[in-house]
Structure formats: C-alpha cells, structure tokens
Amino acid sequence: MIETPALLLHLDVVEANLALMAARGAALGIAIRPHVKTHKCVELGRRQIAHGARGVTVSTLDEAAVFAAAGFEDILWAFPIDPGHIARARRVGERTRLGVVVDDLDTARALRGSGLAGWLKVDCGYHRAGVDPASPYALAVADALSGPGASFGGIASHSGHAYKTRNRREAAAVAEEERRVMAAFAERLRRAGIAVPAVSVGSTPALMALERAEGVTEGRPGNYVFFDRTMVEIGVARPEDVGVTVLATVVSHQPGSSQLVVDAGALALSKDGGPTHLGLAPAMGAIRGHPELTLTSLSQEHGIVQAATPDVLEGRFKVGETLEIVPNHSCLTVAQFDRYHVMQGGREIASWKIERSRAA
C-alpha cells in the first residue's frame, strides 16, 4: 500500500516521452540538453543521456553538485550567475565540465581565469533576464566572455512565454521567433569577430512545436519528461502523455455534500494555477479519469474537490478511497516530494530518490 499523498511516476509514459524528444531533436538536427530541474533525479538523467542527450541543464548549484557527483560530464547551470557564486561553481567544476550563464558585464569579467565556460544569456522575448541582442551592451558582454583568460560556451535563451500560448500554432510562432532572434544574434557576434560555439534555445512547448532549427545547435526542454495539465490544455501534449500524478486519499466526504476533501494540498501540488490564460474554469489540477470532478482549491494539506451537484458524488468516493491528480505544473509538484513511486502495469516496481543538494 502506498501512503498518500504520493508522487507516482508512470514509467512506460516517461520512456515514451524521452524517446519522443530524442526523435524531435534528431528530426530538427539539434542536440538535446534536458533541464533536470523538472525531475531532480539521477536515474532519470541517466535515462535521458541513454536517449542521446548531449548533457544536462540545471537551475541551481545544488543540482549541479548532485549531478556532477553522479558522474555527469557536461552540465549547464542555466541561471544568471553573480560574482558571489563563482567560488562554489569552480568547486563543482572540478568534477565536471560546468557552464554558467551570464548577462552582466562585471560578472563576465570576473569569470576570466575561473576555468568555467561562460554562456551569454539572451532575451528572446520572455523579458525575464538576458541581454538585448540588438544592444551594444550585448556585444560588450560577449567580448568579455570570449577575451583572454575566458572560455565562451555559446549563447542561450529561454522561451518561457511559450507557456502562455493558447495552442500549438501559437507555440510554434514563439519558437520560430526565438530561433530567428538567436540565429541573427549569433551572426552579429561572428561579424564582430566572436566565434559562437553553441546556440542553445528552448522550452518544452516551444521545442514541441518548433518547425525548423536553422542556426540552432541545441534545445533545453525540461517539462517534456512528464508534461502536465498545462501542456495538455495548450495542445502540445495529450492526456495520456502525462508521466507523473499525485495519489491522494479521500479524507472527508459528508452526506449530501457536493464536495469532498483529499490529503493533497499545496504542499503536494503547489499553488500554480495552471493555464488560466485559456479562460478555463479555475482548477488546481485535474482528477484523472473523472472529468465530472474539479479540484477547486488548496490549503496547506487539504485539497477541495467539487462536483456540480451532490448527486454526482452520491455513493461514490468514500473516505479511504484514492484519486490520481494530474498536476498543473509537474516541475513545481515534483519539488514537493523526496521520492517517486515508479509504476509499471498498475504496480510499484521501484522507488527513485529526488535529490536537491549536496555540499561542494
């Protein structure tokens, strides 16, 4: 018996997702450098490498330390580094080939002599971080990253705004704009005498919809390993492609009520509201196999599941029964747990650790 709330990993689905993205990379002619912040699991990272991944992407130095200690040889920390983190990054870099992302001129200069490969973060339309590729400042930072004592890894962007698209066609438009911006910027750098070793792009929805990849060398999807309700609703995945669910137990169901309570709250699912930009009824996740139910709200440990009328629940979903919840955002949901219950054919076959930190 699995104690709830529990994170279920559906292995056959995950393996199909890994093969799907590997095939997309091959068809586009680019390498895949998956973002392991989604799963934080060495076993899954190894399976991604087995599917041909060039290396891995991480979002924290803790993640970099974990995967370096596990023997991963090529890691990109795709979060803007500041000078205060260079010393620890160098310690992690003693165990692996570590690249770090930069969009600040002083930090780029501080990286000289560190032995770390500096990648220039480029804003391709998400407007969260990164240099403006049309600005003189972008050239100055690139020059600092490629000058004496420096090791220039390439340029990297993140099309996070693809998550706010409404369908695959819109996601493809975001992906094409990112490709166009990055290819043009790479050419601008080359004309300025700066060699560009790699052009790295992507998010899961963008790479699922990208139609051509001229000028790009690699993609960095993360969410694809599991997908989630958001990816299904914007049309880049099918319901059967979702590889993780949260198993929850009904803990309260009062007679005559149109709601019940499960033991998966915000500490299991996070409070990500999902694809609210689509105008759908608010939901904190989907109840697998039960479209007549809506997960309407979460408190710390409680999840409130609503039906249209009490009749829908009459004689069903008794206290002690379980439901599977499809998360709105699998990356944030995984971060709430410390292990996966690995499922195959409806039974648990393994338990895989979710790791977050290791001293380095």
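At 28% relative accessibility, Glu292 is partly exposed, a class that lies between buried (under 20% relative accessible area) and exposed (over 50%), taken with a 1.4 Å probe on protein chains only. Arg316 sits in the loop between helix H11 (310–313) and strand S15 (322–327) and Glu292 in the loop between strand S12 (285–287) and strand S13 (294–298), so the pair ties together parts 24 residues apart in sequence.

Please note that this is a predicted model, where local features need pLDDT of at least 70 and side-chain atom pairs pLDDT 80 or more, while totals for chains, interfaces and linings use all residues. Residues are numbered from 1 along each chain as its sequence is written, and side-chain values use heavy atoms, leaving out hydrogens and water.

Helices (H or I, at least four residues) and strands (E, at least two) are DSSP runs numbered from the N terminus. The structure holds 19 salt bridges, among them these two:

| Pair | Closest N and O atoms |
|---|---|
| Arg33 and Glu218 | 2.9 Å |
| Arg180 and Glu177 | 2.8 Å |

Arg33, in the loop between strand S2 (31–32) and helix H2 (42–50), and Glu218, in strand S9 (218–219), are 185 residues apart. Arg33 is buried at 3%, and Glu218 is buried at 0%. By contrast, Arg180 and Glu177 both lie in helix H7, 3 residues apart, about one turn of the helix.

Notes:
A salt bridge is a side-chain nitrogen of Lys or Arg within 4 Å of a carboxyl oxygen of Asp or Glu.
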